[in-house]
Amino acid sequence: MGSVDLDVSRETLQKLEAYRDLILKWTGKINLISKPSQEDVWERHIVDSAQVFAHAPASGHWVDLGSGGGLPIIVASIMSQGVGADHRFTMVESDQRKAVFLRTALRELSLEGTVISDRIEKIATLEADILSARALADLPTLLGFASVHMKKDGTALFPKGEGWRKEEKLAQNHWSYNCEPISSTTHNQAVVLRIKDISRV
Ligand SMILES: C[S@@+](CC[C@H](N)C(=O)[O-])C[C@H]1O[C@@H](n2cnc3c(N)ncnc32)[C@H](O)[C@@H]1O
């Protein structure tokens, strides 16, 4: 299952499948992914997250906000390990049970990463080179988080659903930034917004 969708080594594929199985095992207890999406967790979550990795710089400190069950950051970390890239991973998740899941996933999948189990608004700046957030907040809020936690020359990657143009319009009232919308390979009308040079208007 899934091998046709991703161009990765057999070892990386096996790790991604092990991660998928872990999500499915835990989600009954702590709701890591929605019930309807459990039917198609590979495409809706794993492949969807893998495309974020494909658009990221090849090295640097990667911070993921509101990581939940680790999407996209656990997928990114598996793929980074698979190609021997030089990333360091930090995930921020305020729900303590989900933070326990993230630490378990890192351990069971032999991945390196730091889990901060606190609210994004409360923690010291993380100085990210790469900042991701999936299904966390609207774009104006995400740009506010990025302005605190991302380096000036960093790259933000925000997967967004079909309402992304509306969010962009709102964001432009408060923020100046360069935004490249990259069409999603998994959802019609969805995009990964690759954003740089963020400053307040
Ligand atoms: C809808 S889930 C998305 C999880 C994951 N990124 C995904 O795509 O499946 C949002 C997650 O962000 C966490 N979260 C929401 N607000 C937060 C905050 N202010 N600080 C830290 N985590 C937060 C929630 O606990 C939740 O796990």
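User: In this predicted model, why is Arg134 called buried?

Analyst: Arg134 has 21 other C-beta atoms within 10 Å, and because a residue counts as buried when 20 or more other C-beta atoms lie within 10 Å of its own, Arg134 is classed as buried. Arg134 sits in the loop between strand 4 and helix 5 (139-149), and, leaving aside its neighbours within four places in sequence, Arg134 is in contact with Leu71, Pro72 and Pro159.

User: What makes Gly66 count as buried?

Analyst: Gly66 has 21 C-beta neighbours inside 10 Å, which is set against a threshold of 20 or more, and therefore Gly66 counts as buried. The loop between strand 1 (59-65) and helix 3 (73-83) holds Gly66, whose contacts, apart from neighbours within four places in sequence, are Val92, Glu93, Ala133 and Leu136.

User: Which residues are closest to the ligand, and which does UniProt list for "binding site"?

Analyst: Of the 16 residues that surround the ligand, the closest are Gly66, Gly68, Leu71, Ser94 and Arg134, while the unreviewed UniProt entry lists Gly66, Leu71, Ile120, Glu121 and Arg134 under "binding site".

Technical notes
Residues are numbered from 1 along each chain as its sequence is written. This is a predicted model: local features need pLDDT of at least 70, side-chain atom pairs count only at pLDDT 80 or more; totals for chains, interfaces and linings use all residues. A residue is near a molecule or strand if its C-beta atom, placed from the backbone, lies within 6 Å of it. UniProt positions are given in the numbering used here, feature names are shortened, and annotations may be inferred rather than shown by experiment. Helices (H or I, at least four residues) and strands (E, at least two) are DSSP runs, numbered from the N terminus. A residue is buried if 20 or more other C-beta atoms lie within 10 Å of its own, exposed if 12 or fewer, and partly exposed in between; C-beta atoms are placed from the backbone. Two residues are in contact if their C-beta atoms, placed from the backbone, lie within 7 Å.
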